[in-house]
Amino acid sequence: MRLRVNGDEVDVAFAPHKTLLEVLREDLGLTGTKHGCELGECGACAVLVDGKPVLSCLLLGVEADGADVTTVEGLADGPTLHPLQEAFADLGAAQCGYCTPAMLLTAKALLDRNPTPTVDDIRAALSGVLCRCTGYISIFNAVGSVCGLGPDCAADFDATAGKEPPR
């Protein structure tokens, strides 16, 4: 199978039952994408497929044939971090880091399609990624700082709204 991963054309052979998550981690060594629930409920395995967030645990690897896949390893430009990565680091939004790759990629997809989202837009876009640290406010602030809302854009946001598992 041939696909484009983080800007590089890749030929990879794998068992047809493998998910895209397994292909990325086990066959391509891209371990930034996290195993979570493997049921499509936590969102930790989100990657971008043709620019859209996709739960890689629910997509067979063969379904990505010919696709353009972006993982967290593809966000930085060499040693230069993506602005979202810098904001997450600067504002303490990385926390334990388990959901961070999926949050970053999902936020990137949001900003690519809507460069001027509201805090509610950010919350809706990231609602499919479960933060086990329950620290959504820092994450919303980091995304907001990149799109011009400011690093305190979610300061008045209802913190309890982010504690429910996103659907």
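I took helices (H or I, at least four residues) and strands (E, at least two) as DSSP runs, numbered from the N terminus; two strands pair if DSSP finds at least two bridges between them. V5 has D8 in strand 2 as its bridge partner. Two residues lie between the strands of this hairpin, and N6 takes a positive phi near 55 degrees there.

The model is predicted, so I kept to its limits: local features need pLDDT of at least 70, side-chain atom pairs count only at pLDDT 80 or more, and totals for chains, interfaces and linings use all residues. Residues are numbered from 1 along each chain as its sequence is written, and side-chain values use heavy atoms, with hydrogens and water left out.

I looked up T71 next and found it in the loop between strand 5 (68–70) and helix 2 (83–90). T71 counts as buried because its relative accessibility is 0%; buried means under 20% relative accessible area, exposed over 50%, partly exposed in between (1.4 Å probe, protein chains only). Setting aside neighbours within four places in sequence, I listed N6, L24, L30, T33, V47 and L105 as the contacts of T71, where contact means heavy atoms within 4.5 Å.

I then checked P16, in the loop between strand 2 and helix 1 (20–27). P16 has a relative accessible area of 60% and is therefore exposed. Not counting residues up to four places away in sequence, P16 touches L60 and V62. The C-alpha atoms of P16 and V62 are separated by 6.6 Å, although the two residues are 46 residues apart along the chain.

D50 has a phi of about 50 degrees and sits in the loop between strand 3 (46–49) and strand 4 (52–55). D50 is exposed because its relative accessibility is 52%. Q95 has a positive phi of about 45 degrees and belongs to the loop between helix 2 and helix 3 (100–113). Q95, at a relative accessible area of 36%, is partly exposed.
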